[in-house]
Each structure stands twice: as C-alpha cells, then as structure tokens.
Amino acid sequence: GLPLEEKTLADDLHAAGYVTGLFGKWHLGQIGPEYLPRQRGFAKQYGHYNGAIDYFTHERDGGLDWHEDDKPLREEGYSTELIGRHAAQFVRDNAGQKPFFLYVPFNAPHSPVQAKPEDVARYAHIADADRRTYAAMVEKVDDGVGLLLAELERHSLLENTLLVLSSDNGGERYSNNSPLFHHKSTLWEGGIRVPCLMRWPARLPAGKTTSQVAI
C-alpha cells in the first residue's frame, strides 16, 4: 500500500475545507484499515479496492470487492455505470454547499474484457470480438464523464470547476495508440505516454497545449 507517511492530495484538500470523495478503483493498499481511502483523506468512498474486478459480480479472486465508506456492499449493476451514477450523486449532494474534490478512477477499460451485450451490439462493424467489447467499455467511461459534466452544468459549476482527464498507461492491445508505438505493459511510448486534458473555463485558456512533463 501507499506508505502511511505519505500525504495525499485528498489529505491536503480535506484539511483546507473541501469535501473529498473517491468513486472507483483504489488500488493503493488494504492490508489494514489505516491504508483504506477513508484514512487517506477521503470523506466518502465508493467502489473497489483492487483492479481487474468482474464488471458484473464485482468480485476479484472469488471474493466480493465492492465497498461504500469502507464497508462491503452488495449491489447489482455494471460497475462503470454504477461508478458514474454515484459520482454524479456526490456532485448533487455537495453542489452549493462546500468546495469539493472528486476523484473518479474508473476501472474501465481494464481487463477483464466485459461489456453489456446491448452495448457491444452497437459496434458490430468491428470485426474482432474483443475489440468490439473494448469499444463498448470505453463508451461507458465516456457516458460517466458526460454525467459529471451535465451535473456540474445543472448546478452552474461547469465554468469554475477544474476537470482533469487522464490515464494511468497507454491503451491495451485492443486499442490504437498511434502515432506512438506499442501498448500498455511496455516501456515504448505507446505504453507510457497518455493524453492529459484539463478544463477550467474561468481560469484556463481554451486550446492551449503544454510540453510540461507529468506523472
């Protein structure tokens, strides 16, 4: 897990008066309660501790890995959709109350490659079956981001909220990382260079690019 002497961004923002929430994959330790999100700066937690959970059963290695406020939660639904909906609810609950920091690490499109049949059907033009499913998984992330944008707009927060969208690594073998070579799990640029998009209309000029290194 993340060493306990390390402070997180959530620690600092919580101390500054922000309401802090994590919705999605934690993956930073669970050997003891002191490593869990609610002890690392997050007032609200929803989602899973490990990666590579089953998108429908929310299990990993035969055991349930779905939690709310660090307590086991049994809930039906496709995990990407659930994360998006609950994250949007967090915005509704806190809009106009206090400033908030919302961290939404979707598990998708991490393996296992699983999607709802009706979503896969929209990609019938893709020949490879795994790529069809992968495309449907990515679309659900898009939908989740769209829910958050719509909720911010509904509460007149879209102009003065900083949104950051990035990835932890290049796309899997089912994706196209052109013009960079190769994919996730390699040290080629296609495996380690990713897009990072920031949106804050009240402060950041539209259309600007930067070569600043980030990690």
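This is a predicted model: local features need pLDDT of at least 70, side-chain atom pairs count only at pLDDT 80 or more; totals for chains, interfaces and linings use all residues.
Local features need pLDDT of at least 70, and side-chain atom pairs count only at pLDDT 80 or more, while totals for chains, interfaces and linings use all residues. Residues are numbered from 1 along each chain as its sequence is written, and side-chain values use heavy atoms, with hydrogens and water left out.

Helices and strands are DSSP runs, numbered from the N terminus (helices: H or I, at least four residues; strands: E, at least two). Five strands form an open sheet in the order β6-β5-β2-β1-β7. The pairing is mixed. Two strands count as paired if DSSP finds at least two bridges between them. β6 (71-72) and β7 (100-103) are the edge strands, each pairing on one side only. Strands of a sheet pair through backbone hydrogen bonds, either parallel or antiparallel. β2 pairs with β5 (residues 67-68) in the antiparallel sense, over two bridges. Gly47 stands opposite His67 in β5. Helix α2 (residues 79-94) lies across β1 (19-25), β2 and β7. The helix runs at about 175° to β1. Axes are lines fitted to C-alpha atoms, for helices over the stretch in contact, and angles run from 0 to 180 degrees between N-to-C directions.

The structure holds 16 salt bridges. A salt bridge is a side-chain nitrogen of Lys or Arg within 4 Å of a carboxyl oxygen of Asp or Glu. The side chains of Lys44 and Glu68 form a salt bridge at 2.9 Å, N to O. This pair links distant parts of the chain, with Lys44 in strand β2 and Glu68 in strand β5, 24 residues apart. Lys44 is partly exposed at 23% relative accessibility, and Glu68 is partly exposed at 26%. A network built from salt bridges that share partners joins Glu81, Lys116, Glu118, Asp119, Arg122, Glu139, Lys140 and Asp143.

Arg38 and Asp69 also meet through their side chains in a salt bridge, at 4.0 Å from N to O. Here too distant parts of the chain are linked: Arg38 is in the loop between β1 and β2, Asp69 is in the loop between β5 and β6, and 31 residues separate them. Arg38 is partly exposed, because its relative accessibility is 37%. In a further salt bridge, between Asp12 and Lys7, the closest N and O atoms are 3.0 Å apart. Asp12 is partly exposed at 41% relative accessible area. Lys7 counts as exposed, at 60%.

Phe56 lies in the loop between β2 (44-48) and β3 (59-60). Its relative accessible area is 38%, so Phe56 is partly exposed. Contact means heavy atoms within 4.5 Å. Leaving aside neighbours within four places in sequence, Phe56 is in contact with Gly77, Tyr78, Gln114, Ala115 and Lys116. Phe56 and Tyr78 are 22 residues apart in sequence, with 5.1 Å between their C-alpha atoms.

Leu162, Val164, Met198 and Leu204 make a nonpolar surface patch of about 360 Å². Patches are made of residues with over 30% relative accessible area and no salt bridge; like charges are joined within 9 Å, and nonpolar side chains (Val, Leu, Ile, Met, Phe, Trp, Tyr) within 5 Å. Accessible areas come from the Shrake-Rupley method with a 1.4 Å probe, and for residues only the protein chains shown count as cover. Leu162 is found in the loop between α4 (129-154) and β8 (163-166). Leu162 is partly exposed, with a relative accessible area of 43%.

Note on methods. Buried means under 20% relative accessible area, exposed over 50%, partly exposed in between (1.4 Å probe, protein chains only).
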